[in-house]
2 protein chains.
Amino acid sequence: MELDERKKKILKAVIANYLETGEPVGSRTISKYTDLDLNLSSATIRNEMADLEELGYIVSPHTSAGRVPTDKGYRFYVDNLMEEKEEIEEVKSSLLERVDRMELMLKQVAKVLAYNTNYATMVTAPNYRKTVKFIQLSQVDLDNLLAVIVVEGNIIKNQMIPVNVPLDNEDVLKFNILLNTFLQGAALEDINLEMIQAMKKQAGEYEVILDQIFQGIVEAIHEANELEIYTSGATNILKYPELGDISKTSELLETFENKNELSHLLEKSINSESEEGIQVYIGDETPVQNMKDCSLVTATYKMPEGATGTIGIIGPKRMDYKKVVSTLKNLTIELDDIFKKGKGENTDGN
Amino acid sequence: MELDERKKKILKAVIANYLETGEPVGSRTISKYTDLDLNLSSATIRNEMADLEELGYIVSPHTSAGRVPTDKGYRFYVDNLMEEKEEIEEVKSSLLERVDRMELMLKQVAKVLAYNTNYATMVTAPNYRKTVKFIQLSQVDLDNLLAVIVVEGNIIKNQMIPVNVPLDNEDVLKFNILLNTFLQGAALEDINLEMIQAMKKQAGEYEVILDQIFQGIVEAIHEANELEIYTSGATNILKYPELGDISKTSELLETFENKNELSHLLEKSINSESEEGIQVYIGDETPVQNMKDCSLVTATYKMPEGATGTIGIIGPKRMDYKKVVSTLKNLTIELDDIFKKGKGENTDGN
DNA sequence: AGTTAGCACTCGAACTTGGTGAGTGCTAAT
DNA sequence: ATTAGCACTCACCAAGTTCGAGTGCTAACT
């Protein structure tokens, strides 16, 4: 059954009120609600609300309480009723000026966003298709070589490599030539055992040292492939009393502390959705089990090189979707802009 | 007034009981408590407890409840009554095997410690006296130079430096020589305007580029000087119902999220205490205001080079001091050991 | 037919009441 | 000095009470 215009209005009013107060909303409240020009008595509203309840959009927690939106209700609101805010929620871009280090910037984004919205946020680093752009060994001191690897997107990895045989400059130079010949431009996934075998052959007498070097490099590359994720404002979750059930909420907070877990979960689900742009996950729809009492809104941003990353906002189901969606929209636009200007130069990874 | 032997025993019994249960403990409980061979009736205990209350070691939350230790009581316990555990609380050292990257290791320490104790933990990186050990510029691509700086303790910093003039290999080589001449072996604090001026003079026509390079290097160095801090198990705090006052606890959790703040606070207070070894801060004694309903136990570990770092455990006032202290003691010993073996090689910073 | 006023009803929240028991302080006997 | 005994206190719990917001239904109104 399609909702007629009036039912839509009433549903919208119920949700709008509930988003504000977090309390069940009653018929009288709606009938006094002027924003939508309903002008109906509470009795009429009651009849309509009874229908809406039967249809599963709202529910009353007990006989003599008002109504509360169900997940289905929120879903309908987000899909059909919510017109987005016109006024641009200016993300304080002053805070976003320093683009010179990718990592810091993304942390900053998470922080600013959490501060502005009062929800929990997370930002993943862009998933470049990682090809090796630059690789270099240097002798730092008698016992250590330093491998510096720069991959596409200017993410830098360092690795100290202990060596027990003294090397002279020429040896190091040789290694560098060897490494660059084989590895420059290679995608990280392509660096496999075969390639390593081939390099070893060429290394001749230094095979043992090469082994150590490899071990270091492989580790560094492996790390470069991990999806970095930055979070902020996790404790904002505690501000919403409906999530006050500590045992549940603390699990959620733990998930936040364990960024690894979080990143895996997100990677699996969000990347598999080929859709781009803003996604809203309400309650059970969320990919992360621990968030099932919350809602998650994600947005995708793009780097000029084609890499994409995800920004997520986690809040109570009654979060201000309108604000969150428009904030995220503006933020991604702003980010795309910044990246276009900066064109990826001047970035850094840990 | 000095506490006589019996009062001490009773105080100890009260605290021991309270640490276990978290409930106010009554006279009858103590009189049945066999561990200390008191063999007194509850009435006698009551008289003694009344004295202890008058002296400020314990307090009863209301007329007909048992007694609870005060901060003063805890302090006395920690200083005089608590004999440390004999059996070594083995920190699962298997998890500490990978020493190859300082940063990862310290994170791991925080994690393992939080997991084993069920309290919140934090670990600061060692405060090396940071002298530049190695500095190198490389041309990564047409637009970017990469500065790699290694400071004592093998902490590595990277900085991408955009340049708008094409440079050839010889230019880069020149810069490298220049940088190394001036900076190698210099303490980070010594790198000041004068030195920079002197270098600029020598740079001649490339002064502008040098400027950019400097800016990058200064930033990198500045960062290297920040006290790194790693935390774990912050959500463990929520497990203790006496800290269940969400508004207070959430502030504490926020402090944990803001590692910067935390690190500044700690730096100020803990480093200023010249004492080493284990320190116990109870309630108000803690350097961080938000922790005043908790206790903080810190330990100092040493690197062979003389650098030191701090490990902290934050829990409720009724934390198991005995266990925490002995765990920390063993941990620092183990760490000192690991560092001695590894002798600082094979480390890395972000 | 759609809307509304009116009314009986429901049920959670908040408050009251009384009983229970753990624990205390005091006193008097040992 | 220690202890048994006793009156007293007070948080906690369960049962009962009131209160009011909100509902569903019916009958009257437009």
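How many nonpolar, polar and charged residues does the surface near DNA strand D have? By class, that surface has 4 nonpolar, 11 polar and 4 charged residues; here Ala, Val, Leu, Ile, Met, Phe, Trp, Tyr, Cys and Pro count as nonpolar, Asp, Glu, Lys and Arg as charged, and the others, Gly among them, as polar.

Before we go on, a word about the model. It is a predicted one, in which local features need pLDDT of at least 70, side-chain atom pairs count only at pLDDT 80 or more, and totals for chains, interfaces and linings use all residues. Residues are numbered from 1 along each chain as its sequence is written, chains are lettered from A and ligands numbered from 1 in the order in which they are written, and side-chain values use heavy atoms, with hydrogens and water left out.

Let's look around the DNA. DNA strand D is surrounded by 19 residues, and A:S27, B:R6, B:T44, B:T63 and B:S64 are the closest; a residue is near the strand if one of its heavy atoms lies within 4 Å of it.

For B:T63, a side-chain N or O atom lies 2.9 Å from a phosphate oxygen, while for B:S41 a backbone N or O atom is at 3.1 Å.

Helix 3 of chain B supplies the largest share, 4 residues.

Conventions: Polar contact = N/O pair within 3.5 Å; in protein donor to acceptor, adjacent residues only side chain to side chain. Helix = DSSP H or I, 4+ residues; strand = E, 2+ residues; numbered from the N terminus.
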